[in-house]
Amino acid sequence: MATIIEMPKLSDTMTEGTLVRWLKNPGDEIEVGMEIAEIETDKATMSMEAFDDGILHEIYVQAGEKAPLGGKLALLLEDGEEPPALGKEISSGSIPATAMEEEASTESAAATSAVGSLPGPVSGGARVKASPLARKIAAERGVNLTQIQGTGPGGRIVKRDVENAPVAGASVVTAPSSAVAAIRPTIGANDERIPLTGMRTIIAERLLASKTQIPHFYLNIDVNAAPLLAFRQQINQASEKSDNANKYTINDFILKAVVQSAVAVPDVNASFDVDAIIRFASVNVSVAVAVDEGLVTPVIRDAQDKSLLEISRSVKDLAARARAKKLAPDEFAGGTLTVSNLGAYGIDSFDAIINPPQAFIIAISSIRKTPVVDANDQIVIGQRMAIGMSCDHRVIDGAVGAQYLAEFRRLIENPALMLL
Amino acid sequence: MNSAIDHATAPINQQLSSEGKISILRDIVRIRRFEQAALKQYTAGKMGGFLHLYNGQESVAVGTISLAGESDHIITAYRDHGHALAVGMSMNECMAELYGKATGCSKGKGGSMHFFAPDKNYWGGHGIVAGQTPLGAGLAYGLKYQGLKGACLCYLGDGAINQGAYHESLNLAALFDLPVIYVIENNGYSMGTSQKRSSAFKSCLAERADGYNIAWDTVNGEDVYEVRAKTQVAMERAHEESRPTVLEISTYRYYGHSVADANSKKYRSPEEIKQYQEHHDPIVLWRKRLLEEGVLTEDQASEMDKEAKAEAKDAVKFAEESPFPEPKAILEDVYYEVDQGTEAGQTGKHFFND
Amino acid sequence: MRTITYRQALNEALAEELERDENVVVMGEEVAEYNGAYKVTEGLWKRFGDKRVVDTPISEAGFIGMGIGASMLGVRPVMELMFWSFAYVAFDQMINNAGCVRYMSGGKIKCPIVVRGPANGGTNVGATHSHTPENFIANTPGLKVICPATAYDAKGMMKSAIRDDDPVYVMENTKLYGESGEVPEEEYTVPLGVADVKREGTDLTIVAHGRAVITALKSAELLAAEHGISAEVVDLRSIRPLDEETILTSVRKTNRVLLVDENKPFCAVNTQIATMIQEKAFDYLDAPILRLNAIDAPAIYSPPMEELQLPHPEVVIEKALAVCK
């Protein structure tokens, strides 16, 4: 029987994907589980596996083209089967990847005024299918249509879908206000204009939304990293010889400290939600990992229950798989706080931008030698590390943030406490 | 053709005063001058649509309508300017209507083919050939229903007699004893086709009335006295017996079916047209008659003509200076209830542009 | 309240208006001595006589044109078409004269006529006897057209039609003549231009006129009992003038619309309703507006086939479920 291969949902917020490249050609034999293509989602490039056996007969979406969730990508036939008379009716909704999507502005931003001002369909069918009523309700409630799975005919989002969707939920991204026109750069003849990839588009949207919609304030401390350096050296030497051999990085300890501090000061492990603050039961750490295309943030879930070893291993594993584009969709979901570490890049200090809908982000800078004043009022050579904490003032007040950083400092400067 | 009988001796004509006779000439002349002025402005591009001219047929309308009384009603087809002026409409309102102005008799909404004056018992002005013939039967029906002693003069062209509606009307008129007089203005041509090529008949067109047991007669339209005498017979039949009549009045039109008729000079020879103009023109003939009877002098006749010309010229001026209708007028006069602002007119949506 | 048939309701309306206004005349083929082909005029000739109830020859263009002519003088003819399918031979009179004479005279004339008769399929009388031309009439400014579906509406609206000073064309239905309904004894009228919610509901709006209303009501019962869908049925009653507000209020409430019309699809009345709704209630629609019309061919004779051809509960329910997905 002929099988249509459709665009799978590879990320919880994905609405469309770009076919980066096919790993199989027409005529190839396909088996269940075989990787057949690479798909770029809003979060990362992932590989797509086959769910059916058959011969790959025809490809509808070419490398570089986009298709919406459920869009037809290819046709599989059984051995010796004739293709069905589908003719040219197959509309995969594929459009060239270079076409700028209007999707951002179709989102039900509270910023846009009249409901009726939504733009018309982009050719190629990449538009969100939602009934006029659903759009109206979504606009009124600030619900993001791209986050909703439609249950109407053809996947259309209808009223009940919007009503059942969480209001300003876990990953609300409101589109930039269209009221302020972008100030464009002048492009010279020798300049290059590089169209945004899906990932860069999402990064741009999310971070702009974060900066414009979350009231940031910044706390900075400078910790004594010498005890940590010593402690780490001690642990690595011991670990080498043990059964659970593992190379621990400074970042591992920082993550442990971040998590434990969040357990101690649970008010920071929270999110703002329209008219309430959600306090999370688990501490899920989003770890920023640099990859070729940009930045991804896989999540270590339930980090409060993980040992230093487990955290260390998780990080290694996630980072490696992130770079190899082998992360599963749920590995990006549900982070409650983020740690961004530029220590390896020689940064003395910085403040990061909160990753919405989280309430804070920790910015780790490099450990540097610098003169310090010791307990005896003597100037000595110290090993210092600057820590920045960017907070959402709707959730975290200055005193609470300070409390958190105080705990963090306590753990970092007395690292043995992390093992308790 | 009973040319031996001098219809001037008919009682109805004996009763006609000098003023009456002069009035008939005046109307004939006025119609002619109006039509000529209209033609001039039409060819100058001042009017849209069609223009069906009555030149040469004036004696039919004027002659018959001169008999119409308070309860007699008139309805005709699209060659209606003559009948309009004959019933007493003004040149101003008629010319303005041709120009499509708000001061036109139909507020600019009808045009050449649709002059109406209910206050003068004149019911148009109809564009569909023979479409007015059932209406004529209806006007007669209404008169009878209301117990009035009256007739409906319903005019039609010789080309209209082949339409089904005309036959249905004759049947109803005879069956229901309706006081309707169908006046076939036979100008010899149906658009571009001569009578012989379009109508099957024995001796004449009116004879078909026999089949419906309706009285009929033929009339020489050039002779106003004959027109009056024979129409009077039909009037009396209508008033006294409530029975219909078909009159076939032979006449002639100088111009084509309409001014747009490019073939008018092709299907008739110029000689033919000239013959008629000199020997059969109603103005020429009636004026000659009145001069002979001593009712009118040459000077008076000339003066009359001058006045008619001036009146027509004034009408043109009036039309040119009049405004066009306002855009909102497009939606007026569609529904009586809406125009009157009655409750019915304000309930529910009547127009659907928005 | 007493229950009478649709036919009796019409008969009463005609009798009451003949009584009330001496200008009213009933005219048509077989309306007098035969008591009406469908007995709508039964007893009227006996009661009112030759002058008020008039038998005409088979001559629609002739007698309808005659009626229009008489109406210009103040007579108020109520003219019967044995079938609305016979109107076409009289269309020149009905459209060009009744519909245009007022306008072309600049408002000097009015034609207070009524043309009435059954306009329906579903009786196996073949293609040329089964037309429902309310859409043609509705397209003509200057004319009015109504389609009562119940005895109550038939009587009330016929009276209003006769009293209306514009031409009103009334589409009845041979299949409704025998249907009964509650009709008050006291004098009442139903105004033109007002729709009626025949059944309240919350999940779906079904808009219909004429016999399709009865079909819609039957379908609504089944939708409730078997599918848990609460359908609201809006009876247009009056096509032109049209009550848009009642339709829109219902759409705003239910957000889903099915338009049922016994006419064939292209340019049927429900096309006008559909475009009106999407224009004026766009943001209230949770699904596209769906229409259900007769299958797009001349009316078939074969009885079971004709039943299939016209909207019937099974297909109404099918479409309703599609709208409610």
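Two strands pair if DSSP finds at least two bridges between them. Helices (H or I, at least four residues) and strands (E, at least two) are DSSP runs, numbered from the N terminus. The model is predicted, so local features need pLDDT of at least 70 and side-chain atom pairs count only at pLDDT 80 or more, whereas totals for chains, interfaces and linings use all residues. Residues are numbered from 1 along each chain as its sequence is written, and chains are lettered from A and ligands numbered from 1 in the order in which they are written.

**Exercise 1. Strand β4 of chain C**

Task: State how many residues of β4(C) are buried, and find its bridge partners in β2(C) and β5(C).

Solution. 
Step 1. A residue is buried if 20 or more other C-beta atoms lie within 10 Å of its own, exposed if 12 or fewer, and partly exposed in between, with C-beta atoms placed from the backbone. β4(C) spans residues 76-80, and five of its five residues are buried.
Step 2. In a regular strand the side chains alternate between the two faces of the sheet. In β4(C), R76(C), V78(C) and E80(C) point one way, and P77(C) and M79(C) point the other way.
Step 3. β2(C), residues 24-28, runs parallel to β4(C) and is joined to it by five bridges. One of the bridge pairs is V26(C) with V78(C).
Step 4. β5(C), residues 114-118, also pairs with β4(C) in the parallel sense, over three bridges. Here E80(C) has R116(C) as its bridge partner.

**Exercise 2. Two helices of chain C**

Task: Describe how α8(C) and α12(C) pack, giving angle and axis distance, handedness and the classes of the residues in contact.

Solution. 
Step 1. Two packed helices are described by the angle between their axes and the distance between the axes. Axes are lines fitted to C-alpha atoms, for helices over the stretch in contact, and angles run from 0 to 180 degrees between N-to-C directions. For α8(C) (residues 211-227) and α12(C) (residues 313-323) the angle is about 60° and the axes are 9 Å apart.
Step 2. Angles under 35 degrees count as roughly parallel, over 145 as roughly antiparallel, 65 to 115 as roughly perpendicular and the rest as oblique. α8(C) and α12(C) are therefore oblique to each other.
Step 3. A crossing is left-handed if the near helix is turned anticlockwise from the far one by less than a right angle, and right-handed if clockwise. α8(C) crosses α12(C) in the right-handed sense.
Step 4. Two residues are in contact if their C-beta atoms, placed from the backbone, lie within 7 Å. Among the residues that meet are L222(C) and L223(C) on α8(C), and V316(C) and I317(C) on α12(C).
Step 5. Ala, Val, Leu, Ile, Met, Phe, Trp, Tyr, Cys and Pro count as nonpolar, Asp, Glu, Lys and Arg as charged, and the others, Gly among them, as polar. The contact of α8(C) with α12(C) holds eight nonpolar, three polar and one charged residues.

**Exercise 3. Helices and sheet of chain B**

Task: Find the strand order of the open sheet, and state how α6(B) and α9(B) are placed on its strands.

Solution. 
Step 1. The open sheet has five strands in the order β1-β2-β3-β7-β6 (chain B), with parallel pairing. β1 (73-75) and β6 (215-220) of chain B are the edge strands, each pairing on one side only. From one strand to the next the twist averages 20°.
Step 2. β3(B) (residues 180-186) and β7(B) (residues 245-250) run parallel and are joined by six bridges. V183(B) has its bridge partner in L247(B).
Step 3. α9(B), residues 224-241, packs on the sheet and touches β3, β6 and β7 of chain B. Its direction makes about 170° with that of β7(B).
Step 4. α6(B) lies across β1, β2 (152-157) and β3 of chain B, at about 175° to β2(B).
Step 5. α6(B) (residues 132-145) also packs against α7(B) (residues 164-175) at about 20°, with the axes 8 Å apart. The two helices are therefore roughly parallel to each other, and their crossing is left-handed.

**Exercise 4. Chain totals and one interface**

Solution. 
Step 1. The totals are listed by chain.

Step 2. Eleven residues of chain A are in contact with eight of chain C.
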